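Dear colleague,

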Amino acid sequence: MTAYDFDAITADAARQRPGAKWSKVGPNGLAAWVADMDFAVAPPITAALRDLLDVGDVGYPAWAVGGRSPMIDVFVERMATRYGWTPPPDEVIELSEVVQGIQLALHLATKPGDGIVMLTPIYPPFLHCGGYGGRRVVEVAARPDARGWGWDHDEIAATIAREQVKVLLLCHPHNPTGRVYRRDELESFAAIAEAHDLLIISDEIHADLVYAPEVHIPIASLSPTTAARTVTINSASKAFNLAGLRWGVAHIGSAALRTAIAELPNHLLGVPNLAGVAASHAAWTQGDEWLAAAVDHLDGQRHRLADRLAMAMPGVHYSVPEATYLAWLDCSPLGFDEEPYDVFARAGVELNRGANFGDTGRSFVRINLATSGSILDEVVDRMASCVS
């Protein structure tokens, strides 16, 4: 047990939660699907939200007049301190969430018929964004490699040349495989984008959830040339479990895209949520002790899953993720006649359906590790009961 009691949560207690994750399961079900943690919020965040209500002023904040909260400066400082990258503050905008930023960039920088390359499997809402308004999702599928799951960069380049692609969309670190792109991989992506004049959209929301010895490198930090064609999107929401508070941030490296955004009608994108700003500010300025403890617990969980699967379901192919608290399980060796999601759901385990992550995901499920060890063990035990 850690000082923050990450292992204290029980399934009975979790089922009392009203959020999307646990409300989907029945009275005896287990939730290991949507990317919410089961952990209590970091104490500095709780204190910040309580202070906000104690003051009693939840009207228009003073910074709303200019439309920029203090979080832009906090984002820039955090990127500089943790990742050695200092995005210019006047190139940064605030969002309600990552998906809004992707939709915004695609709406303004592409037109119907344009191809959007996605390295699948990938977070399902990205696939929906890519198919918006006649745009085309162009999938390049992962292949097993020495580090788990990777992509053939020659195949990516050839696909881009063939498919009239305008955008390379990266999930970095990658959801659901947990891949951390190393510098040579990022430099290859940047070279491909340069050669084909692509906009890069890089979702870096899992940056704070990388396990040693891997490190997160913002792709925009590679060079000014790469930064000038990159939209980098981030948020405190994934690492600190704040998705419902709706705050995100984007560095818009492209001058043309910044101009197009500035010309949008006032308030079209909304303004930062007061509670989301307060919580995110506390997370990124006071929450790193909690974060380090959470990552340490999750590090144990990713290896705990490997050990449990080796004992109870040795047929399942699982590569220990390098980042995130999500695991991508290949269940094809189990020989099910239907998608594994449906089999496990009948045993009372709610996972993510692999087919939702792209065409090659039908024999897979995604499992959420951000829970207690006892809940993870019970999830695996129920899954194992489905294997004859």
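A polar contact, as the term is used here, is a pair of N or O atoms within 3.5 Å, of which, within protein, one must be able to donate a hydrogen and the other to accept it. Please bear in mind throughout that this is a predicted model.

With that definition in hand, please look at D114, where a polar atom of the side chain lies 2.8 Å from the backbone nitrogen of K111. D114 sits in the loop that runs between helix 5 (98-109) and strand 3 (115-120), and it counts as buried because its relative accessibility is 6%, the cut-off being under 20%. Leaving aside residues up to four places away in sequence, D114 touches R135, R136, Q164 and K166.

Two helix pairs also deserve a look. Helix 4 (residues 71-83) packs against helix 12 (residues 274-286) at an angle of about 25 degrees, their axes being 10 Å apart, and the two are therefore roughly parallel, since angles under 35 degrees count as such. Their crossing is left-handed, and in the contact M71, V74, F75 and R78 of helix 4 meet V277, S280, H281, W284 and T285 of helix 12; by class these are five nonpolar, three polar and one charged.

Helix 7 (residues 153-162) and helix 8 (residues 183-196) pack at about 20 degrees with axes 11 Å apart, which makes them roughly parallel to each other, whereas the crossing of helix 7 and helix 8 is right-handed. Here H153, I156, A157, I160 and A161 of helix 7 meet E185, S188, F189, I192 and H196 of helix 8, a contact with six nonpolar, three polar and one charged residues.

Notes:
Residues are numbered from 1 along each chain as its sequence is written. This is a predicted model: local features need pLDDT of at least 70, side-chain atom pairs count only at pLDDT 80 or more; totals for chains, interfaces and linings use all residues. Side-chain values use heavy atoms; hydrogens and water are left out. Helices (H or I, at least four residues) and strands (E, at least two) are DSSP runs, numbered from the N terminus. Buried means under 20% relative accessible area, exposed over 50%, partly exposed in between (1.4 Å probe, protein chains only). Contact means heavy atoms within 4.5 Å. Axes are lines fitted to C-alpha atoms, for helices over the stretch in contact, and angles run from 0 to 180 degrees between N-to-C directions. Angles under 35 degrees count as roughly parallel, over 145 as roughly antiparallel, 65 to 115 as roughly perpendicular and the rest as oblique. A crossing is left-handed if the near helix is turned anticlockwise from the far one by less than a right angle, and right-handed if clockwise. Ala, Val, Leu, Ile, Met, Phe, Trp, Tyr, Cys and Pro count as nonpolar, Asp, Glu, Lys and Arg as charged, and the others, Gly among them, as polar.
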